[in-house]
Amino acid sequence: MSENKSKKAPYTIPIGPTHPALKEPILFTFKINGEAIEEVDFAPGKAHRGIEWMGMRRNPVQIVHLTDRICGICGVSHTFAFAKAVEQIAGIEVPDRAHYIRTILAEFERIQSHLLWAGVAAHELGFDTLFNLAWRVREESMDLIELLTGNRVNYAIVQVGGVRRDIEEEKFARIEEGLQYYEGLISKLLKLFLHDKTITMRCRDCGILTREASLKLCTVGPTSRASGVKMDVRLDSPYGAYGDLDFDYVMPDQYTGETRGDVYDRIVVRLLEVAQSVDLIRQCLKQIPEGETLWETKMPKLLATCKKAEGEAVGRVEAPRGECLHYVRMNKSDAPYMWKVKASTYSNQLSWLEILKGEQITDIPIIVASIDPCMSCTDRVAVVREGKPDIYSKEYLHRLSVERTRRLMNDE
């Protein structure tokens, strides 16, 4: 039999937009030859919520509550980035103590986000015992976040000009208890994830993103660092309290002695960053200065200052998934003239085209999950009618929703 005849004819399979292996709706289309992936395409846009549109009709203080809901995992990162941009335009000086509190919350958010991802990764590999363990130990960080903010998901801690709540000294002991809890677990988590033969066989040399491809595709966060790219907003452009802290880039060769840019290396980076976050929080607690936590406690003055502001600025932070960017333009009015959000996944999702090609069908779930995607904070929509951009009104979108619901009910 000739070589050409022995090959199976290529065929196309869709996965999504709703699928058990996907956390959020997104449609993948794979061109398959046998069990091997030849071509990849994906179509996001299934979770658009119009948050930017709503924000441009509210004042900056109200928008803070929207930014907290862009993503349920990295809400502090979005509020932090938006507040930074507004503060630059309005000339608002954030108190030093508030900088430290923001940084502490950002690092607790990194811990819970990376542990959530670790659990999802274990689940995608079929290791549900490890999935349950990762999510159980994640609860400690969620408890500490609730202790500091009063909430477990939408923290409502960051405000334009500082933070809404102080961290009282009597809470330091409970925070230290939680940090010690994670210090005792790091070696166990590394052993369970990185020395298990099945995980090693499934993840080593799987979904490789080379350093050159990472730079070409402009990936960010753990995805880029796992490929050997030293890039971290906390170090490259320090904000909050990061300029006062002692730390370095987390790279996979620190643990493995080499960098391959595969799924395994992405696991390494995120687990090591949990240990790094513990150290950064402890440094913040030791160095946190006394003082106020808000630039202005009276809301009328804060709103008046924002209303007078004119100009544009970009707020950048290192979210758990990588660089999160908020562009704000203000024009001496209650609401921003323009507000655009670039979430980390927006930068990372093109890497799927590179890391999925040539891999096996069975590895699709873990490779897709390895960049820690979040479609809800990534999706954007632009309506083009006869070559001209068009923005639908809230009333029109509501009417479309009602009409669609009625059609579905009538079909039943």
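First, the ground rules. The model is predicted, so local features need pLDDT of at least 70 and side-chain atom pairs count only at pLDDT 80 or more, while totals for chains, interfaces and linings use all residues. Residues are numbered from 1 along each chain as its sequence is written, and side-chain values use heavy atoms, leaving out hydrogens and water.

Start with helix H6. Helices here are DSSP runs of H or I, at least four residues, numbered from the N terminus. H6 covers residues 128–149, which is 22 residues. From first C-alpha to last, H6 reaches 31 Å, close to the expected 32 Å. That expected span is 1.5 Å times one less than the number of residues. Gly-150 follows H6, with a positive phi near 90°.

Now the salt bridges. The term means a side-chain nitrogen of Lys or Arg within 4 Å of a carboxyl oxygen of Asp or Glu. The whole structure has 28.

Take Glu-87 and Arg-102. Their closest N and O atoms are 2.7 Å apart. Glu-87 sits in helix H4 and Arg-102 in helix H5, 15 residues apart. Both are buried, meaning under 20% relative accessible area; exposed is over 50%, and partly exposed lies in between (1.4 Å probe, protein chains only).

Next, Asp-205 and Arg-260. Their salt bridge is 3.0 Å, N to O. Asp-205 lies in the loop between H8 and H9, and Arg-260 in the loop between H12 and H13, so the pair ties together parts 55 residues apart in sequence. Asp-205 is partly exposed at 44%. Arg-260 is partly exposed too, at 30%.

Last, a network. Shared partners join Glu-107, Arg-110, Arg-225, Asp-232, Arg-234, Glu-273 and Glu-318 through salt bridges.

Key. Helices (H or I, at least four residues) and strands (E, at least two) are DSSP runs, numbered from the N terminus.
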